[in-house]
Amino acid sequence: MSETQFTPRVFSGIQPSGDLHLGNYLGALKRFADAQEQGVQSIYCMVDLHAITVPQKPDDLKRSTRELCAGFIASGIDPEKSILINQSQVPEHAQLAWIFNCVARMGWMGRMTQWKDKAGKNAEAASLGLFAYPALMAADILIYHATHVPVGEDQKQHLELTRDIAAKFNHDYGVDFFPLTEPVIEGAATRVMSLRDGSKKMSKSDPSPASRINLTDDADTIAKKFRKAKTDPDALPSEAEGLKDRPEARNLVNIYAALSDQTIDQVLAEVGGQQFGTFKPALAELAVSKLGPITAEMQRLMADETEIDRILARGAEQAREITAPILKRTYEIVGMVG
Ligand code: TYM
């Protein structure tokens, strides 16, 4: 364990690569907004450098980055309270990532399940950036000496690797410089599943649009997608135990719990015994009431790109006050003249 006391600081990131979905909202954005109220300094990042590890059209990337910034703000992240940045505008992320490319081992990267899933059988054709992705992610976090990283379940392995990189750097150079960051994976919706298959996570790369609710979906689309969501024929149970071996039912109850800020038990006390024909419209109504205002606010913000760019420029300035001294000290530790 690290002996140095690091000041609590939160960091998290989201890729600007396509529409935000309910998994991003419940697993990340909503929790960031809730955490912001605890008064810990927080930095939230659009990770455009991560996005280009797979091909992106330049104009789409620009639009998605601004849209993601709008999504953060519409979900409740206040740029006056938290620092909002776009990764490429804070060059120390990429600079520290290079150092970490030289600390991390090929074998560690090769074991990442996300790499295996994304590169698939044709790893030879994948970009070098996709392979090195987790070293850049470690740099995102550690360039702030961040102590806590709220994420969904799917990022857990990358955060373990971040700790390994910090520990190896500290060990190799005989310092206690980088903190061992804590993943924060809490709440009912750290793994929102596909609406078409309860064994797969909700994801923007799923070819079926019916598998996910996008933050840009209108009320009718949301209702339709929940109505068509795969379920089993039984009524909802009154206790959590009854959701065992019912992945689709469990997923819908988890979504309901997360959207309504209740525990699974509280939800089941209310809806236990209901058929899906009753529960699904109630869930759709709840989702529309929570997501509708966010979608509208995103659209409003997107109408003024200059304002979004101003927020990001200011965020980058604030961020660099933290990142520049940490990079300078890292270079000194590593032995760079300058
Ligand atoms: P990304 O862009 O895939 O997802 C952003 C956030 O949304 C969460 N998430 C989910 N949560 C619950 N259920 C789901 N179905 C679901 N799908 C996505 C993710 O866990 C994540 O919290 N590598 C990261 C981005 C990143 C990052 C970082 C995160 C880059 N640097 C540093 C934290 C710290 C990613 O691709 O997330």
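**Entry 1: Asp261.** I located Asp261 in the loop between α10 and α11, the latter helix covering residues 264-271. The model is a predicted one. I then looked up the backbone angle and found that Asp261 has a positive phi of about 55°, although it is not a glycine. For the accessibility of Asp261 I read a relative accessible area of 56%. Exposed means over 50%, so I recorded Asp261 as exposed.

**Entry 2: Surface charge.** I looked for charged patches and found one of positive charge on the surface, where Arg196, Lys224, Arg227 and Lys228 gather. I followed up one of these residues, Arg227, and placed it in helix α9, residues 219-228. Its relative accessibility is 57%, and I therefore counted Arg227 as exposed.

Entry 3: I consulted the UniProt record, an unreviewed entry, which annotates residues 16-24 as a short sequence motif, the 'HIGH' region. I then examined how the chain runs over residues 16-24 in the model: I noted 33% helix and 0% strand. I also recorded that the end C-alpha atoms of this segment are 11 Å apart.

Definitions and conventions: Residues numbered from 1 in each chain as written. Predicted model: local features only at pLDDT ≥ 70, side-chain atom pairs only at ≥ 80, totals over all residues. Heavy atoms only, no water. UniProt positions renumbered as here; feature names shortened; annotations may be inferred. Helix = DSSP H or I, 4+ residues; strand = E, 2+ residues; numbered from the N terminus. Patch = residues over 30% accessible without salt bridge, like charges linked within 9 Å, V, L, I, M, F, W, Y side chains within 5 Å. Areas by Shrake-Rupley, 256 points an atom, 1.4 Å probe, with all protein chains shown as cover. Salt bridge = Lys/Arg side-chain N within 4 Å of Asp/Glu carboxyl O. Lys, Arg positive; Asp, Glu negative; His and termini not counted. Charge placed at Lys NZ, Arg CZ, Asp CG, Glu CD. Buried < 20%, exposed > 50% of the residue type's maximum accessible area, 1.4 Å probe, protein only.
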